[in-house]
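Hi there,

Here is the structure I promised to send over. Have a look at it first, and then read on for what turned up.

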Amino acid sequence: MSEFQHTQASHCESGVMSTMLRHHGLAISEPMAFGLSSAISFAYLPIVRINGLPLVAYRMPPKWIIKGLQKPLALKMRFETFRRPEDGVRRLDQLLADGQVVGLQTSVYWLTYLPEDLRFHFNAHNILAFGKADDGSYRISDPVAEMAVTCPPDALQRARFAKGVLAPKGLIYYPLGRPQEPVWEKVLPKAIVKTTRIMLDSPLPIIGVRGIRRLAAAIERLDIGTQAQHSKLFIGQVVRMQEEIGTGGGGFRFIYASFLQEAADRLAHPVLNELAETLIDIGDEWREFALATARMIRDRDPLQPALLAGRLRRLADREKQFFLDLRRAA
Amino acid sequence: MRDADVPQEGNRTLGGHRKAVYAKGDDGKLHMVASAGWEVEEIVTAQAVADLERLAADALARYRAGLTSPLEVQMHRARMDIPLLAQATGLWQWRVRRHLRPEIFSRLSPALLHRYADALGLDVAQLKDVA
């Protein structure tokens with residue numbers, strides 16, 4: 001097996017899969033891993049609470065990318081979770097001793113190599129373990145880090161067996177067999193159509209474009225009087241989910257736009273390039289929304305939830321039009 | 001976002017790390033660019049951290065006034081809340097809430113203390129010592 005090579009990525013799960021597949025001989029970029037698994041989305045989940053604030057996601061739930069790449073790449077991924085941490089540690093050590101590169105689901109709070117301020121109880125962070133150092137610590141390729149890092153065994157064990165929302169239960173995953181170069185003409189349109197279905201046709205009003213409108217309505221209801229502090233935390237959380245956790249700057253929209261550019265080349269279908277341009281524009285508008293929100297949090301602008309709600313509704317309109325156009329193009 | 005728009009103003013919450021973002025180069029193609037950080041991200045992260053610190057400071061003040069147990073202080077320092085601490089210890093939330101009361105906490109069994117300390121990544125002595 002070839003020497004393992006760490007690569008930085010924008011999002012953890014697509015980064016892990018891109019690196020893992022490359023290690024197994026199939027060069028798949030991060031945006032391709034993201035797009036091919038139809039991972040872009042929007043979800044506003046008022047019942048799932050993280051530190052008392054609702055979960056807002058700009059992509060599909062954890063494991064979606066890992067699972068979604070199996071079919072197009074004729075790849076079988078093996079997933080293992082453990083009831084007892086000791087079993088999980090033993091199994092990971094065994095796989096590493098066999099030279100396997102192993103994907104792990106972890107809680108960022110316990111990962112000691114991350115900057116203190118980013119260590120919240122967020123349980124769906126994906127990293128790769130690719131060996132053990134002489135002192136017993138694990139050699140880790142964390143997609144959001146610039147370099148490969150090491151993590152002490154007790155910290156990693158805590159991170160893998162953290163409790164709470166999306167508890168990882170020690171999840172490890174690795175491919176069985178070798179991934180195959182797919183038939184692009186077949187898999188790409190299929191993946192794109194699936195994305196448009198998620199964004200436009202979800203039966204639940206909290207998923208897809210309708211989810212953006214739901215969130216707009218929730219923001220509009222926020223109090224600016226006695227509860228202003230809580231309202232600011234709420235809108236701050238929305239931006240944190242957009243920018244901080246896993247990606248940067250309108251992140252997922254740009255990753256997907258990059259995927260569309262790649263797809264345009266592979267399929268010789270230039271209209272996808274034009275759609276990518278539109279999506280870059282939409283990503284920029286998400287960044288403007290983040291900026292406007294941050295200014296209100298810092299009191300540089302007065303707190304006006306209705307204004308933010310208006311921006312979100314405009315984003316919902318634009319994304320709806322975009323995904324309708326994308327459906328026609330695919 | 002074009003290459004030139006990639007925020008490089010720094011973000012102290014990143015602790016010197018740089019993150020990878022996608023931006024449009026001169027050829028119109030998106031590619032990966034390292035970003036030193038965006039003030040917007042710094043604001044929202046610092047806001048979340050400050051709120052957690054406020055909760056911990058508030059609990060510490062009440063602990064000093066004899067109104068709450070060290071457990072509540074340590075819970076907030078570990079950036080947890082009652083639902084999460086309950087899940088991490090495998091206890092019911094109402095029990096955790098009850099254990100936050102100083103008179104109840106002082107009578108907790110060593111086994112329970114150990115369970116809390118473990119969930120918080122501490123030992124029992126650290127759990128009790130919040131000063």
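A pocket, as the word is used here, is an open set of grid points where a 1.4 Å probe fits, with protein on both sides within 12 Å along at least five of seven lines. Please keep in mind that this is a predicted model.

The largest pocket has a volume of about 530 Å³. It is lined by 20 residues, and the closest to its centre are A:Arg158, A:Phe161, A:Ala162, A:Lys163 and B:Ala88. Helix α5 (153-160) of chain A supplies at least two residues of the lining, and so do α3 (82-89) and α6 (110-119) of chain B. Sorted by class, the lining holds 10 nonpolar, four polar and six charged residues.

Next, a helix in chain A. Helix α11 covers residues 305-329, which makes 25 residues, and spans 36 Å from its first C-alpha to its last, close to the 36 Å expected at 1.5 Å a residue. Its buried residues include A:Leu312, A:Glu319, A:Phe322 and A:Phe323.

On to chain B, where the domain assignment gives domain 1 (3-37) and domain 2 (47-128). The C-alpha centres of these two domains of chain B lie 39 Å apart.

One residue of chain B to look at is B:Ala50, which sits in helix α1 (residues 39-64).

Best wishes

Definitions and conventions
Residues are numbered from 1 along each chain as its sequence is written. Chains are lettered from A and ligands numbered from 1 in the order in which they are written. This is a predicted model: local features need pLDDT of at least 70, side-chain atom pairs count only at pLDDT 80 or more; totals for chains, interfaces and linings use all residues. Side-chain values use heavy atoms; hydrogens and water are left out. Helices (H or I, at least four residues) and strands (E, at least two) are DSSP runs, numbered from the N terminus. Domain bounds come from an automatic or database domain assignment. The expected span of a helix is 1.5 Å times one less than its number of residues. Buried means under 20% relative accessible area, exposed over 50%, partly exposed in between (1.4 Å probe, protein chains only). On a 1 Å grid over the protein atoms alone, a cavity is a set of points where a 1.4 Å probe fits but cannot get out, and a pocket is an open set with protein on both sides within 12 Å along at least five of seven lines; lining residues have an atom within 4 Å of a point. Grid points are joined across faces, edges and corners, and a volume is the space filled by probe spheres set on the points. Ala, Val, Leu, Ile, Met, Phe, Trp, Tyr, Cys and Pro count as nonpolar, Asp, Glu, Lys and Arg as charged, and the others, Gly among them, as polar.
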